[in-house]
Amino acid sequence: SVEDIDVYGDSEEVLMSHPVAINAHRMSKAVKLQDAVSTCRYILFKTWKTFNEARESCLKLEMPLTLRRSGSMATVKNEVENRDMVILLKTAFGVKRVNGKYYRDNWVWLGLRKIYNNEVVLPKNMRGEKSFNASEWQWLDGSTPTYWRWQNKMPDQDKRKGYPGYQNYVALGKDGRWDDTFETMKMPYACNYCGKYIVLAKHVSWTTARDLCESYGLTMAKINSKEDNEDLDAAAKMTLGEYTDPKRWNDTNWIWIGTREVMYSNGTGSNVWQHHDGTPLLWETPDWDYKRQPDNYVKPRGEEQVVAFSRINKKWDD
């Protein structure tokens, strides 16, 4: 089972058999982010930032897969999420530690910090998980931690020469253990990430587009509301930019979506539209383009029965 895969160990073969690792590789093919790895839960950036820099970066996160809401630093609230984060970290930087335990590529910032009793070095008898008081800590989403996986004798809330403040901010290492450290330390960071749409700049047929989505472990876009339509437009602008070709029917102006017409057995259209997986189109009044679309135009190779989204005016055409 997935739970039996040892993601905390040093075997690359074992790690890469995990569905999250497989998904991360597929997503990297689709999005082609050179400085990040992602799944539909988190995105991990390889760039080193301080805790506060990472927080600001996550808040400003604008990616083709991001829902229309502000981002936030990663929250890890259970064992499954902890394992997922370790998999992303190892996918980004390799399964084994490099350049010593505390080299920054062996760690990733989480969005957890101490907010009470955080300006004093903890006495030795108060250090470690046995004395950990969760009520003094807070995720950046405002919640109190109910899960943790501290490394031995941590947190210690230490203070060191050359570093302002105390160790009140949390990072996760490749072994899945947590450490408290200084806000000014620079390391990779992760943001919460809720996927919605990816736009690929590859020019293919509708059927090939559907198959490509499935090969990445994804599904072709389903647009069920005006808000969905706006989100697709935002994703298109992130991937393809603002420019559209002056020639209306240039294929760079159009994006396949996963909607198609239900066809009768004789090959004619029913004027009933559904998604590629057979689920109904929930948007009762889609933004069909002008000139009486959908027109079910019949060509020698058959009737028009699949839908494209226009980057020019955000409307649909069959």
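Mentor: A nonpolar core is a set of buried residues such as Ala, Val, Leu and Trp, joined through side-chain atoms within 4.5 Å. Keep in mind that we're looking at a predicted model.

Trainee: Okay, which residues have the most contacts inside the largest nonpolar core?

Mentor: First the general idea: in soluble globular proteins, nonpolar side chains tend to be buried together. Here the largest such core has 34 residues, and L44, V76, M85, L110, L172 and W178 have the most contacts inside it. Helices α2 and α4 and strands β2, β3, β4 and β5 each supply at least two of its residues. Seven residues, the largest share, come from α4.

Trainee: What is L110 in contact with, leaving aside its neighbours within four places in sequence?

Mentor: Among its partners are F51, M73, M85, W139, L172 and W178. Apart from that core lies another one of 18 residues, including W109 and Y189.

Trainee: And strand β6: which of its residues are buried on each side?

Mentor: W178 and D180 are buried on one side, D179 and T181 on the other, so both faces are covered. β6 pairs with β5 in the antiparallel sense over four bridges, and A171 stands opposite D179. Four residues sit between the two strands of this hairpin, where G176 takes a positive phi near 85 degrees.

Terms used:
Residues numbered from 1 in each chain as written. Predicted model: local features only at pLDDT ≥ 70, side-chain atom pairs only at ≥ 80, totals over all residues. Heavy atoms only, no water. Buried < 20%, exposed > 50% of the residue type's maximum accessible area, 1.4 Å probe, protein only. Contact = heavy atoms within 4.5 Å. Pairing = 2+ DSSP bridges.
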